[in-house]
Every structure is written in C-alpha cells, then in structure tokens.
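Hi there,

Here is the structure I promised to pass on to you.

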Amino acid sequence: MKKRVYLGEFEELVLLIVAMLGEDAYGVKITHEIIEQTKRNVRLNQVHSSLHRLEDKGMITSKMGNATHERGGRRKRIFTITAFGQQTLKEMKALRLHLWALLPPSTKIIEA
Amino acid sequence: MSTIDPKPSPPRWATRILQWYCAPHLIEEIQGDLEEEFDFQVKQVGITKARLDYIRNVVGFIRPFAIKRKNKSTVNNYGMIRSYFTIGWRNLMRSKAYSSINIGGLAVGMAFAMITGLWIQYEMNFDSFHKNGDRIALIMKNTLYNDERNTQDATPFPLQEELKSNYPEVKRAAKVSWSNEANLKVGDNSINKSGRYVDPDFLEMFSFPVIQGDVKTALKDPKSIVLTESLARSLFGYDDPLGKIIRINNRHDVQVTAIVSDVPANSTLQFDFLGPYEFEAQNSDFISNNRTNWGNNFLMNMVELKEGVSMEAFSEKISKLNMEKDNTLKNQFLFLHPLEKWHLNNDYKNWVNTGGRIEYVRLFGIIGIFVLLIACINFMNLSTARSQKRAKEVGVRKTMGSQRTQLIIQFLSESMLTTFLAFLLALSLITFLLPSLKEFGFENITLSYDNGFLLISGLAVCIATGLIAGSYPALYLSSFSPEKILKGIFKRGKNPVTLRRVLVVSQFAVSMGLIVSTTAVFQQVNHAKGRSIGYNPDNLVSVTATRELYLNFGALKDELLNSGYIEAVATTSSPLTSVYNKWSDFSWDGKDPNSDIALEALMTEWDFEKVAGLKFKMGRPFSIEHATDSNAVILNESALKVIGYKDPIGRTMKSGNREIIIVGVVEDMVMLDPFKPVSPGVILFNAQAVNSILVRVKNETDLQNTLAVIDPIFKRHNATQPFNYSFVDDDFNKKFALENQVGKLAGIFAALAVFISCLGLFGLASFMAEQRIKEIGIRKILGASVLNLWRMLSSEFVVLITFSLLIASPITYYFMERWLQNYHYRTELSWWVFIAVGSGMVVITLLTVSYHSVTAANANPVKSLRTE
C-alpha cells in the first residue's frame, strides 16, 4: 500500500490558495493572497519551498507561463491543483467536519 | 531639461549572489518573483526598504530546494565503464610492441625509483629503534692541532664518571670501546667474534632487546659477558647459556649474564658480545694507567640526558671540561653528537657538521626521482602520440551521443589502467631484482607489502602519471566537434609536438647528466687509486696478532722464511691500512712551544722496509747492524716538512723524554683516507707493540698455494686461536667501497635512464615515420634517395639531442665540481668527457631512430600511397 501523504497546516493553506487562484497561481500572487486573507506575515521563500513540497507530493503540477513585460520579461511558473490535491483537501474537510460533529454539546455552545 | 527617472532596480550584487547559488532550472521563476515583489514593495514602502526586503529575500532563498541541481540522468553507467576497459584492453593488444615498450619502460622506472625509495627509507630509519634515542649522544671533541681543526670521537677515561656524578642533566653515561675482536672458547668450541666493552648503563640507555638476564645487573661484575642470540646458539647450541663460563682470549674466564637479540643491521653500534669496560680496564696496563688521565683519548663516552635537557645547552656547558680538569691541555672542546646524526650526518670539517652519508641519500633520492620522471615523460610522450590516432574514435563516439565528460572518463580510466599494469609489473620486478642487487649495498632491503608509505606513493605516482598522460586525449581530443574530426578537417595543433620536443630534450639532458656524473665518480676513484701510496700492497698478507703469535714470533719468522715462499716478515703496531697511534709528545729543535702537533706513529722492527716495500727518499731502514737502532726513527715526507730540518739524517728529536735519531725519510704512506693528504707520521722501532704480523709473499709464487703452506705454520704457533688474515691490497681497496658503490649505482641508473629514454625515442620515431608515410612515398616518387629520407627523418632528433647536451653540460659540471670539492685529493673534470658522452648519445640516438627511418625510407611508395 502506498504510504499516505499528509499535509502541514501551511501547506494546506497554500494548496487552498492555489485552488482558489486558478490560472493566476504563481509565487508572488500566492504570497500576497495569503497575507491578505490571513493577515499573517509570510515571505516568498516560505511559499516557494512549500510549493516545491506540494509538487513533490503530487498535489499540484506546474508549467511555465508566457513571458510578459513585467518582471524583466521573465516567465512565471503557474501552479495548478491536481485531482489528488483536490481529493486530499476534500478528505481533510470531511474529517474536520466529522470531528466537529463529535464534539460535546457544551463545547459547541462556546464555539457558537 | 527634464530627466527621466530610471526605473528603480534591486541591488545588483544581491542578484549576482542569487544567480550564483540558485539552481539553473529555478532561476527564472525565482528571479522573476523577486523582481515583481521588489516593484510591488517600491510602491508600498519606498525604494530603500524595498531593497532591504529584496536582500532579505535573496538570503531567504538559500535553501536546499533552491540550490540543489536537477539530476540530469540517472542511467546506470556500469555497462559503459566496462566497455571502456574492454576498448582500453583491445587498444593495448592491437599494438603489442608499442604497449610493451610503454608499459615496460614505465615499470622499470617505477621499480628502480621504488628500490631507491626503500633504500632511503632504510637509511633514514637507522638507529631509530632506540626508545630514548632523542636523548642519547656521543661526546665528541673539537681539536686544534697543526693549525688544523679536527673533530674526534675519542675522549678520556675519567669523563664518564665525572659526567655521571657531577652533572644533574645526565641520566646515564657509559664508556664504550671500539669493536674488538676476541676469541671465545667453550670446551673445544672456539670462535673469533667482535664485541665491545661498555659500562653497565649501556644496556639501559640503548634498546637492544634483552631476551634473558637482568638489564640492570648484567654488566656489573667485571667477569661477566652478554652475548647475542646467534653467538649464544653457536657457542652453546640449544643449552641454556645463562650462567655458563666462557674463556676469553685463552686467558680469562667470564660468566654469561644476559642474552640480547641479534643487533639489527640498521644499528650503528654493532657487536656480537658485550663485556664490562671494567674487564678491559683490569686486563690492560695501558687503560689502568690512564684511569685518571684527561689527556689520553682512547675510548668513546656516550650519555643519555634527562628529559627536557637541551643538547646544545649541555654541549656549551661541558665544552671546556677537559681543559678545566687538566690545565696542560689546549684547544680541546667537547660537544654532543646526537644519536640521530650518527649514521647520516657523521662528517665534520673545520668543527662543523658537513653531513656525510645523507649527501648520498639525497643524491640517490634525486636520481631516483629523475629516473621516474624520465619513465613518466616517456609514457606520456608515447601515449599522446598514439592517441592522435584515436581522433576518429572520438568523432564516432560523439556522434553516437557520448558526452564530453564520458570521453574524459574513458581516456583517463584507460591510461590509469595502463599505469596500474606498469605498477604491478614494477612490484614483481622489484621482487625479482632485489636479490641480484645485494652486492650494491641493498642487502638489507626488503619489499614488504605492508609498507604502506611505499605502496601509497607508488599508487600516487601511478595516478598522477595516468592523469597527465591521459589528459591530452581526454581534454584536447574531446574538445573538437565531431563533424570536423570525421570530415578530416581536424588539424593537429602545434602544441603536442612542441611539448613532446621539450620532453625528449629534458629526458636526454637527465640521462646525459647521469652518465657524465658516473664517469666523474669513477675517474675520481681511479685518480685516488693511481696515486703513489708509498708502499706495495700486493702479495702482502696481514695477520691479526694474538698473544701466542707474539710470544712465538722468533720461531714463527724463521719457519716462514724457511718455507721458501715468503720474502720477509715483520710485526707492526697496526695493519698498514689503519693508524692506531697518534701522539703529540714529540719535540724537536725549533718546535714552536705553543704549537700542538700530533704525529702518527707506526711501531715495527727489522725487515719492515722489505715487507712494506718502503720507498726511501733519504737515509736507510732500521738495521740489525746498528746497535743504536732501537732509538732510531724514520720520518715520512710530511713529518719532515713539519719538523723543518734541512739535513735530517743523523739529527735527533724527542719522543716524550726519550731522544731518538732520525735515520731515514720515506715517501708518504697512504694508510688512511686515500682522498686526503697524508698526515705527518713517524716509524719507530718497537718490537713489543704488536697488533699485526705482515707477511710478504714472494712475487712469483701462487698466493693460494702459499696460504696452504703458511697456514699450518701459523697454526703450530697459535694452537688455541684461529688464524685470521687478510690481503693488504683488498683492505686498501675497501677504502673505496663507498665511492665504488656510488659509482656502480649511478652507473646502473645512468644505463637505465638511457635505456628508458631510448625506448621512448624508438616508439616516438616509429610513430613519426608512420605519420609521414605518405609524405615519404611522394618524396620517393619525386626522386628522394634513401639517404635523403633518412637524413630528413633523423635530423630532428639529432638537433634535439644536441640541444639537451647544451642544457645538461653546465648543470652537470656545476654539480660534479661541487661533489669533487668534498675530496682533498681530486681529479679534474675534463671537457672531453662531455664531448665523448655527447657523441655517444648522438650515436645511440641515430641507431635508435635509424631503424625506423631506414625502414620507412626503404618501403615501396606504391604500397604506402595505395592505402586509404
């Protein structure tokens, strides 16, 4: 049986953002999106490193985009989520919901 | 005027750092992202902060994922590498003659270089087995006699006691005698062996392993003796030797108190047995009379200092000890000669250590390296020449998809394979050669495969040679584009040819230097051998005198003379090839009272002039007809010069208080170093000082026959002790042993160098002739004669050799002049040697090269032009 692949919290975040941004998912954009959505102080290198790991794990694939006039004419690497990535996200969400459902009622009240 | 604001840009140096570390396949996106982020930050926070942020980002990307290069291929190379070896092997096999020349030459060079390495290792490790070796020293003495600064190893008897009891720096001290031959007898078993008399501390100072007995007490009792294992075995067989009694020189009984292992060959101190010095002192009137005399130097004193004591400081401290103890002594300065220097640095000139054997170690080290260098050069030369043939192979390989690195690996591994074969061959050559090199001073050298240093350096040479030899095809040939090579546009550069010329020139320069040096060494030996030595060493037998022979000398002499084979017999105080006595108590009219001149003294009796064949310059020999001749003296020419009498015959001089009359002057006798001037010496009449008996055999008689006749005569008068003799001419020739050995070795190396160089030349010439085969064909068709072609093909080599002669001559001249400076009595380097060696080299070169040039020139042009 193939070893199960787990995601870290930050990786999950990056993966979700990649899925969210669609065709526009590349390094700088992803970083800015994370900062905007979470108000966390995230740096480019952390995101790049995370994207690398996700690609190694088979959650995302990448291809070079077209050259533009920005960035000194350099191409962007565009990331896309794979079916496996989507599947993993769904499983994680399902697991969370399941666990939420199992919480004692008092806790739910506090949360609410 | 309006200025356009330049677009703000990130710091360039940071970008450069990024470009340096970042993996090429990631650089585009990362750099792009960073620049976009920078532009974004400029708008947000301004240019300065944006720049800082950029730098922070560049540093932040120093992470494994960004640095790690993408693996180009993960293909298994095993099969490819195996194919390299197969191809390499086939290449060797395809041209067997060339391969064997190449590998054989390198192997011979390596073998000899390794033998030299072994020898050097052996010499450098001399005496290194003593645990306290770094603290042991021999006390030596600088003297000033006859205005000459000399250094001697003899020191007086009381020195040891003084040092041991009054100097806290000294841990142990021992008097040590020179090697003495003694007769040892157990029952009927009688052997002559050489031993030393030493103080009890000796065994603890030095680390000669004691097998049986107590180190501390073994030499305490004067009547004790310590034997080496093999001596004990030959005296007592398999019986326990400890406590057994041995009779020494048929006079004294001593008891065996300890057994030491046999003294290793790499020990300066050699002995078969050790006796207590006290034993020697009690049995010699001379020694017991000098127990407190600081002026008589007749033994060696050795000390072991305490840890942390500096030898230099202690030398300084005891320097004037002799003169302090006896204020009549002048100009004697003691110093320590450390154990590490005994073997290799044992020469003193003008009170300064001038090296000694170490010079030869260095010399042969250099020669060994040169021979190795020649062999390696050869190998590279031939390999590069051959590899040009493989340009097409490179082209084909490249078209088939070989990468440059693969080609480099291929050629390097191939030449490495070849050098490794040579290395294996060299190892077996050494094993095969060593036994036959015994007579050249290599008898103690063995090749053991656990000699890590040697094997590692051998392998290092292998790899280095392989790398350099392989680098031409590996780096040069592989750099061409395949279509050029395959189309044949590929042109051989000038570089390899020039390089090869330089290599050939340096090879022959070294060979030439070695040959000239060898010739000079032998010239020097012959020069010294040819000098007049003042006596006739041929047909002269020197017998070691024993007590019995001394007592029976009168009858012995009569019987020898009556045998009909013997011309004359005489006793002497020392054999003719050494001097045992040197005295400074002579005086004469007009001697400067402040001068301290010592004269060598030889004591003998009637007939000595006939025995030795003395050459008289003036006066007459001792004669039985002159009653007063017991007080007569014969001077040598040097002594006459020192004494300065105008008309010496009949004049008197003094030995101590005894008046002696000069009756004759003889030509200087070379009894010591044949390369040095003869010291002033006198021949005194004294029939009691007998250490040798000299026997002159009649000229026309057969020496072996005579020995058979005189042997029983000696036996009759020397019943209990063996008959020990040597031929004086042999003894004299032994004085040239070192020079002869050096000459022979240099000769071997020179022959080797020439041989290897010629092998290389042979291979090279064959290759060059082959390369020009079409040219030769065309020239022949156009009417060139065989002679023309031969001259064309050979002339280049002759020019090269001449050039190497011009380089080698001045260098060799300089070094050989310097070597000759070591000798007082020396030959001149003559220019004709250089000319002779040079023309010899040219002839050898022509012979080597001609084989190929003549073959090529004679070949049918039709054949050579039709091939393609």
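Predicted model: local features only at pLDDT ≥ 70, side-chain atom pairs only at ≥ 80, totals over all residues.

The interface between chains A and B

On the chain B side, 20 residues are in contact with 17 residues of chain A. Together the two chains bury about 1,900 Å² between them, and 48% of that area is on carbon and sulfur atoms. Between chain B and chain A there are 11 residue pairs in polar contact, counting pairs with both residues at pLDDT 80 or more. Two elements of chain B give two or more residues to the side that touches chain A: helix H2 (24-45) and helix H3 (47-60). The largest share, 13 residues, comes from H2(B). Sorted by class, this side of chain B has nine charged, six nonpolar and five polar residues.

Salt bridges

Over all chains, the structure holds 31 salt bridges, and the count between chain B and chain A is four. One of the pairs to look at is Glu35(B) with Arg74(A), whose side chains meet in a salt bridge at 2.7 Å, N to O. Glu35(B) lies in helix H2 of chain B and Arg74(A) in the loop between strands S1 (60-64) and S2 (77-81) of chain A, so this pair joins two chains. Glu29(B) and Arg77(A) also form a salt bridge through their side chains, with an N to O distance of 2.4 Å.

A helix in chain B

Terms used:
Residues numbered from 1 in each chain as written. Chains lettered and ligands numbered in written order. Heavy atoms only, no water. Contact = heavy atoms within 4.5 Å. Buried area = accessible area lost by both parts, 1.4 Å probe. Polar contact = N/O pair within 3.5 Å; in protein donor to acceptor, adjacent residues only side chain to side chain. Helix = DSSP H or I, 4+ residues; strand = E, 2+ residues; numbered from the N terminus. Nonpolar A, V, L, I, M, F, W, Y, C, P; charged D, E, K, R; others polar.
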